[in-house]
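Have the structure open while you read.

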Amino acid sequence: VILQVKTYCTGYTYTFMSSLSQLIDEDKETKEESKQQEIRQWNDVTDIVQHISDGMSLGAMIHGNDFNLHAAMSALEIGDGVLDAAMKQRLLYIDNVLGDDKLLTQLFNVERTDCVFLATLDELIRLLWSFMCGNSDQLSMYSCLYLHDEVRAHFKSKQAPSLYLFIDGVKLCCAYVREMVTYSNSFEDDDWSKSRHHVFADFSDLSSVEKVVEQMQQKVAQLKSGKPVRDWKLLENSFFSNDGDNAAQQKYAEYTVSYTKAEYMLALSHRFEFVLGLLEIVREMHSAAMLCRMPKKEAVAPPPSHKKSGGAGGGNKNKSKRGKAASGKQQQQQQQQQQQQPQQKQSNAHDMYLIDRTARSKCGLSASENTTHQQKVGNLKVSASQLLRVVNQMCDTQIMGVPSAELSAAFDDRIANTRAVHAPRRQRIASKHECASALKQWCKNLRFVSAITKLCTFDDFLAFLDAFTYLEQFPNVFLRAFVLILFEGFVKHDTFLWSRKPMTHFMQSSFQHLCEWARIMPHTKPQYLGDYVTFFSRIETGVRDAIRQRLMHVTRHVDWSKRVLRNFAILQSESPEIDRLTGLSYLHGFEEKYRATVNQMEEYRPHYAPFTSWIMEKACDSMIHHICVHLSPSMQLYACYELEYVYFYLEHLLSQKCVVYRNAFRRFRSATSETIKGVINPQYREMRERRRKKLKHKSGGGSSKKESDAYNDVDAAKLPPIDPMERYAYLFTEAQRSLCLAIFELIQIFYHIRKQFQKQALPCTLEWNGLSDRSDDDEDGDDDNKVSGTTTTQLGHESLRFAHRFHLFGIVEQPAFVDYQQFRSMRYEYDQQCPSLSEKLKSCENQFDQSRKCFALLSNHQRLKSVLCFQEEFIRNASKVAIRNKIFVAMLHKHVSQVVRENINGNDNEQINERIVITHQYNIHQFYPVFDMADK
């Protein structure tokens with residue numbers, strides 16, 4: 001049995017804790033390790049556990065040789081107050097704590113020993129972070145006795161005023177965090193988000209919140225000013241007492257470093273300043289969330305302007321006649337309005353918002369509210385930077401406190417609030433060092449979230465969510481809930497990205513940005529506009545599911561991929577009809593005799609799939625996201641031998657996206673029947689050009705709007721075609737496609753080298769933990785692309801692993817699903833195109849070089865100005881991977897050639913036994929590995 005030994009002893013075998021402590025004290029090495037900082041180390045404690053279990057009975061966390069059902073339930077529910085037999089009599093109740101005067105005296109004298117007080121505050125920060133990451137309140141915050149109201153109501157609690165001021169700030173932070181997650185409806189853990197056993201604080205009364213904030217500000221100012229926190233002369237057990245024989249100094253001197261009074265007060269100020277800064281941040285985020293949850297207000301239309309009729313003069317008779325006439329006209333207008341009301345209700349039934357037809361503001365927030373909300377989110381960047389500075393200062397003074405094991409009296413996860421408690425799911429609480437690192441990264445993540453105020457397009461928002469998911473430290477539930485509330489506020493108040501325009505406006509703009517033909521043509525019949533509105537509403541529903549998927553915990557992304565892909569499958573079945581309607585509406589703008597001619601002209605014929613291309617692009621993005629989540633450092637669900645499949649399928653999806661881009665980047669050229677007539681009859685076109693120049697000369701270089709509209713098709717025809725290499729989306733996709741293809745080819749080179757060593761009977765081997773046996777490969781080469789019906793049913797066969805990973809992608813029609821048979825066929829075609837090792841290596845180097853060039857173009861801000869700031873690091877690291885791997889390929893070629901040459905030219909007795917060990921790491925980029933040869 002191997003168990004993890006931490007520097008503090010809080011296990012579940014409380015009956016035998018005394019014997020365990022004696023055994024640990026006898027071990028000199030374990031005692032030396034407890035003096036160091038809290039670093040996770042693994043030690044063999046089999047003998048200790050065996051010694052303890054000898055005195056235990058069945059059911060008390062141990063089982064017999066049979067391991068029956070009762071033992072299995074106890075093992076699965078360790079620490080549960082009901083199912084764990086050893087825990088039923090081991091719970092610690094508040095009533096028993098209040099009856100222990102010795103324990104209470106020890107608790108409330110915490111401020112009398114400085115190093116213990118600092119460690120207590122650090123421990124509360126650890127529990128706060130654990131709660132913010134989704135750990136239950138009972139096993140995080142309320143595992144501390146100080147937080148229970150019954151303990152605080154004791155008369156001795158007045159001896160620790162600074163501690164309880166700190167706790168008030170911590171409880172307010174927890175209250176805001178829980179309320180925010182409740183608003184977002186993202187209940188990832190029912191024990192955490194729905195638990196109401198403990199109420200942290202009531203922040204509905206702003207005066208009480210402001211009072212706590214004011215007191216903490218005063219405390220921070222007092223500590224930084226150098227004034228004493230308390231009367232130092234009254235502290236007999238103070239760590240800074242001149243009496244070197246005091247018990248506290250002797251007890252804790254071996255755990256802490258020496259420091260001065262000023263250093264202690266500065267360290268104490270960092271703790272209070274951290275909680276104060278965090279409280280200000282969560283209050284600001286809560287304020288922004290409440291603005292998003294305001295009830296939607298109807299957009300107020302501007303009042304109609306009425307023009308006055310009639311002349312300035314006239315008698316009373318004329319006025320009366322005009323009054324009677326006006327009243328008669330009003331009655332007629334009222335009757336007409338009553339007749340038109342049913343028709344208006346029918347036309348407004350879909351609440352149409354179409355960019356080319358009925359684009360109007362529907363924002364439910366005023367301009368000032370909208371601007372204030374955006375500023376609140378943007379200001380989080382400054383607050384996060386200030387909090388990061390405080391966290392760095394706080395980390396430098398963590399060593400001044402005692403280890404967590406010395407605080408066992410105040411912190412105990414056995415504390416129960418009721419006699420029939422059922423413990424919620426338990427999570428591991430990070431150590432001080434891990435907590436400090438996580439808090440630093442959380443501040444950086446918060447700064448990243450504030451970058452949402454700089455986004456302008458729908459595609460930028462989706463790229464932001466992808467980058468948010470792939471952060472170095474996956475965002476905790478609080479940050480994800482905040483972004484989800486912002487998004488729901490965008491949709492609710494029709495002010496997506498604070499633009500005072502609805503989300504459908506940005507989606508339609510995204511369609512036109514990808515393909516200029518994805519628009520509603522001017523000659524579309526009014527009865528067909530409802531089809532576009534229905535289509536866009538279904539697009540919005542599917543996209544909202546994809547957005548919500550990215551704002552869930554990373555472990556739930558995989559489950560939602562099936563739902564998202566089903567949405568795209570439904571949209572792909574409807575988009576061809578919208579494409580057909582768009583093409584017909586475009587042709588209706590020409591005379592009937594020219595429609596067949598237009599449909600055959602390369603320059604003016606309608607695009608065959610403008611809307612389907614967008615849906616196919618987003619479907620590819622969802623599949624790529626599904627694979628990247630598996631590859632992410634927090635998941636790592638792919639085995640090394642599956643990397644061959646992974647980068648093959650990534651290359652397939654990225655290549656399909658490149659095809660979509662090349663087909664979609666086709667210029668939309670406005671044309672009329674006169675334009676087509678001029679194309680058919682060149683003389684007529686020359687005559688129109690001469691007339692246009694003549695009109696322009698007569699008007700002195702200018703022309704009227706009517707004349708310009710009549711000849712705008714000539715200027716439209718002069719627009720240059722779209723170069724895909726000048727578009728950011730295509731360059732970014734092509735760079736990743738080349739990189740994935742190069743990695744796939746490099747893995748094929750490893751197999752080829754191993755096979756070459758075996759064929760030539762050389763005493764050399766190439767080892768990489770990603771190489772599989774490939775028992776289904778034939779050496780002839782002709783059968784490498786065949787999969788028999790018997791082998792596919794074998795357990796552990798490659799085809800089963802391949803289907804298990806990618807069968808989900810068969811839900812959508814486009815891009816087409818690639819099964820294992822096609823994978824083997826494409827691998828066989830690659831071997832036929834590059835049969836020799838030198839050809840394979842040259843092709844691999846070219847792909848790495850192509851990827852590097854594309855990433856270099858993306859880094860050129862003068863050429864491309866649409867690169868988002870948070871994607872620059874992704875591009876820079878991917879370029880480094882391409883460069884490093886290209887160098888590795890050259891080194892591998894040189895090394896293998898030298899080994900083969902030396903073994904072939906030498907005698908049989910002089911053959912060199914060479915063992916080439918290949919390693920790969922994701923230390924530069926989290927999705928693309930860097931290969932290297934291990935040292936001999």
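## Ground rules

Two strands count as paired if DSSP finds at least two bridges between them. Strands (E, at least two residues) and helices (H or I, at least four) are DSSP runs, numbered from the N terminus.

This is a predicted model, where local features need pLDDT of at least 70, side-chain atom pairs count only at pLDDT 80 or more, and totals for chains, interfaces and linings use all residues. Residues are numbered from 1 along each chain as its sequence is written, and side-chain values use heavy atoms, with hydrogens and water left out.

## A three-strand sheet

Let's start with the open sheet: 3 strands in the order β5-β6-β7, with mixed pairing. β5 (764-767) and β7 (930-933) are the edge strands with a single partner each, so one side of each has no neighbour in the sheet. On average, neighbouring strands are turned by 15° against each other, direction ignored.

β5 pairs with β6 (residues 914-921) in the parallel sense, over 4 bridges. Within this part of the sheet, Glu767 sits opposite Val917 in β6. Helix α30 (residues 728-759) packs on the sheet and touches β5, β6 and β7; contact here means heavy atoms within 4.5 Å. The direction of α30 makes about 155° with that of β5. Such angles run from 0 to 180 degrees between N-to-C directions, and axes are lines fitted to C-alpha atoms, for helices over the stretch in contact.

## α30 meets α32

α30 also meets helix α32 (residues 820-833): their axes come within 12 Å and cross at roughly 75°. That makes the two helices roughly perpendicular, a label for angles of 65 to 115 degrees. On the α30 side the contact uses Phe744, Glu745, Gln748 and Ile749, while α32 brings Phe823, Arg827 and Tyr830.

Trp442 has contacts including Trp129, Met132, Phe478 and Leu479.

His630 is found in helix α24 (residues 610-631). Is His630 buried or exposed? His630 is buried, at a relative accessible area of 6%; buried means under 20% (1.4 Å probe, protein chains only). Among the residues it touches are Val558, Tyr638 and Arg805.

Notes:
Buried < 20%, exposed > 50% of the residue type's maximum accessible area, 1.4 Å probe, protein only. Parallel < 35°, antiparallel > 145°, perpendicular 65-115°, else oblique. Lists of a residue's contacts leave out its neighbours within four places in sequence.
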